[in-house]
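Please work through the exercises below with the sequence and the 3D structure at hand. Each task is followed by a solution that goes step by step.

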Amino acid sequence: MVIRQLKGCGRMAGMCLAVGMVLVACSQSSNDKPEEVVQEDVIRTDSRPNIIFIFTDDHGYADLGAQGVVDDIKTPHLDAMAAEGVRMLDGYVTAPQCTPSRAALMSGRYQQRFGVDDNAYTPFPLSQATLAERLSEAGYKTGMVGKWHLEIDGNSAIWYREEYAPGATDTFDTQRIPKAEKVKYYPDRRGFQDIFFGYADRYRATFDLSGKSFSSARTVRDKRFRVDVTSDAAVTFIDRHRRDPFFLYVAYYAPHVPLEATDEYLSRFPEDMPERRRYGLAMLAAIDDGVGRIMARLRNYGLDDDTIVFFISDNGAPLAKSKEDVLPVSTGGFVWDGSLNEPWLGEKGMLSEGAIRVPYVVSWPGHLPAGLAYSQPVTSLDAPATAAALAQIDTSDLDGVNLIPYLNDANKVMDRALYWRFWRQSAVRQGPWKYLRVGNQREYLFDLESEQHENENLLAQNPDVAARLRQSLTTWAETLKLPGVPIVAPGVTERDLYDFHFTDDGS
Ligand SMILES: [Ca+2]
């Protein structure tokens, strides 16, 4: 047992001796007023660290200032997080789409193992444990704020026909599913004790933004900018549970379309750029402010070195091919969300690097090297595996690895393959090599450490490497709920995207 007291005295210049708490003005709140935060040196009685996952939505690789790819992005708080932590150069997610990527993060397992292959496979099955359930059982206070996208929704027709009403021939209509059934799949039934879950202006919540608990989950209306509401809920959760070991999942519904921002964020960017880009940058600035508030909260409580924070995007940006500046910015559907995937090729919906290699930062001051740019491939699956290891719970059925020993030893080699299968595409990455197959039409081998990355297909020159990776991918795919590597004609959407983004057809 570790009991720590008065840890922040250096920062507080001796005031700790007189008082345990003082009120200080600190970071800006979402309504632009100084935020009053209790400064307190929290006494923890659990040696296991707090865990925070921050997951953004359709946020491309270029849009993190510390990456140094574009010069119009402004993410000072994320850059500071990268400067005191580790930034992944080859950080991946398991899918180029929301639901499957979230299913992997929440389970710690490849989502295809339990059949959540793409957005058509909601809801997240009750038979699959979540990390929140595991951590809750291990004594953690658990909280989820923002976008869930693992519930029953308009895409749940497969679930309806195969599980809920086998043999049904009527058209699926989410309105006809009883509330009692829908509730089973909400985050508060999937291991999260505290939730503030929602998308636009309606939230299912177990607490209010002053920190007061409700007797049971209820609907809360809040018409303010959705990113700010999620940040408010995140810092409120930290206030509520600062003395407990906690796991907080902050799932920003941004910069996903429909684009939305306030003047406070828009005013940070010049007007002479595509409007969609300006809104995307403004939404990311709001996320960055939220990250700043979360990190400031941890410092105020002396919890910064007791808390590991992962920041990852759920998939690359949708570009709608040519990044057309479709107006008004509130236009949704298959449109550019204003974010960028450079220097990588492609977009959301593909298995090219632009779709699955994302901003990925982890910080744990005092326990991880500061300012490291890590070059071995890592995956979002490693976040739950690391969290579970730090919480001292069983990790034997998880697909990721505990990153801590690797990040602390540059010579420790992570000898593993990472796998993807999405729609009729499949891919594997091992070392510098990536093998990518698009149904029965395209087959590639890329050296991702070369300047050319996905601009040069090296399959013909390296048939042995391609054969080895193809076999590895096939073996993995046979273990999945729907087994196998798809070798059929790709769908219209994916064929269209590859035709646009890849000049070499690989045949
Ligand atoms: Ca997404």
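**Domains and their contact**

The chain is divided into domain 1 (9-86 + 98-151 + 186-407) and domain 2 (417-501), with bounds that come from an automatic or database domain assignment. Residues are numbered from 1 along each chain as its sequence is written. The model is predicted, and local features need pLDDT of at least 70, side-chain atom pairs count only at pLDDT 80 or more, while totals for chains, interfaces and linings use all residues.

**Exercise 1.** Describe how domain 1 and domain 2 are placed and how many residues each gives to the contact.

Solution. Taken over C-alpha atoms, the centres of the two domains are separated by 30 Å. Counting residues as in contact if their C-beta atoms, placed from the backbone, lie within 7 Å, domain 1 contributes 19 residues and domain 2 contributes 21 residues.

**Exercise 2.** Find which residues touch the most other members of the largest nonpolar core, and state where this core lies.

Solution. A nonpolar core is a set of buried Ala, Val, Leu, Ile, Met, Phe, Trp, Tyr and Cys residues joined through C-beta atoms within 7 Å, where buried requires 20 or more other C-beta atoms within 10 Å of the residue's own. Of the 131 residues in the largest such core, V250, M283 and A286 touch the most other members. Helix α9 (residues 275-300), a DSSP run of H or I with at least four residues, gives the most to this core, with 12 residues. Both domain 1 and domain 2 give residues to the core, so it lies between them. Leaving out residues up to four places away in sequence, A286 touches F225, V227, D228, A254, A261 and Y265.

Note on methods:
Contact = placed C-beta atoms within 7 Å. Buried ≥ 20, exposed ≤ 12 C-beta atoms within 10 Å, placed from the backbone. Helix = DSSP H or I, 4+ residues; strand = E, 2+ residues; numbered from the N terminus.
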